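Please walk through the structure below with the chain open in a viewer.

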Amino acid sequence: MNKGSISLWLSSFQSINFTIPILKRYLSLEETGTTKIFKTMSEIKVDFSVYGALKDGNETNGRAMDVKTILQNLINQNKGVVTITSSYLGGDPCMGYTKQFGAQVQRPGGTYHFACMEGQTIDFTNGGTIT
């Protein structure tokens, strides 16, 4: 079991330092109002995720791939922040065309939806549309 040191600032003149055992490999810090809550990346679960494009803009020629497992691994490895590229997501499903990305994830507070174009970065610990 690893141990980590955390400092909490109560005001500009006071702080509390303490050591806690780290049971999970990844930690992030979420701020909710004035309360700070620690959560592990394992609390973010990918329900589904897809990456692809319409070849030649043709609605009957969609080229996409399921990237759920790859995305879950990237979220865990990168503390929830992932840049959406073909090289990170395991290949290019529609060579020469701009790809789109969509995902649904579960995290404390509900189900969240994310979408972007290739090359953009998403922080899965924040934002998203809640349902």
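Of the 131 residues in the protein chain, 31% are buried; buried means under 20% relative accessible area, exposed means over 50%, and partly exposed lies in between, with a 1.4 Å probe and protein chains only. The model is a predicted one: local features need pLDDT of at least 70, side-chain atom pairs count only at pLDDT 80 or more, and totals for chains, interfaces and linings use all residues. Residues are numbered from 1 along each chain as its sequence is written, and side-chain values use heavy atoms, with hydrogens and water left out.

The protein chain exposes about 8,200 Å², of which carbon and sulfur atoms supply 53%; accessible areas come from the Shrake-Rupley method with a 1.4 Å probe, and for residues only the protein chains shown count as cover. Among contacts with a separation of 6 or more, 44% are between residues 24 or more positions apart, where contact means heavy atoms within 4.5 Å.

One helix and 11 strands make up the elements of the chain. Helices (H or I, at least four residues) and strands (E, at least two) are DSSP runs, numbered from the N terminus. Read from the N terminus, the order is β-β-β-β-β-β-α-β-β-β-β-β.

Five strands form an open sheet with antiparallel pairing, in the order β6-β5-β8-β9-β11. Two strands pair if DSSP finds at least two bridges between them. At the edges are β6 (62-66) and β11 (129-130), each of which pairs on one side only. Within the sheet, β8 (residues 100-107) and β9 (residues 110-117) run antiparallel and are joined by eight bridges. Phe101 stands opposite Cys116 in β9.

Where does helix α1 lie? Residues 68-77 form α1, which lies across β5 (45-54), β6 and β8 and runs at about 120° to β5. Axes are lines fitted to C-alpha atoms, for helices over the stretch in contact, and angles run from 0 to 180 degrees between N-to-C directions.

In α1, the residues Leu71, Gln72, Leu74 and Ile75 are buried. Seen down the helix axis, the buried residues fall within an arc of 165°, so they line one face of α1; the arc is that of the directions from the helix axis to the C-beta atoms. Their cover includes β5, β7 and β8. Thr69 and Gln77, on the other side of α1, are exposed. Just after the helix, Lys79 takes a positive phi of about 55°.

The structure holds two salt bridges, each defined as a side-chain nitrogen of Lys or Arg within 4 Å of a carboxyl oxygen of Asp or Glu. Lys99 forms a salt bridge with Asp92, with the closest N and O atoms 3.0 Å apart. Lys99 is buried at a relative accessible area of 2%, whereas Asp92 is partly exposed at 29%.

Lys99 also meets Glu118 in a salt bridge, at 3.8 Å from N to O. Lys99 lies in the loop between β7 (81-83) and β8, and Glu118 in the loop between β9 and β10 (121-123), so this pair ties together parts that are 19 residues apart in sequence. Glu118 is partly exposed, with a relative accessible area of 27%. Through shared partners, the salt bridges join Asp92, Lys99 and Glu118 into one network.
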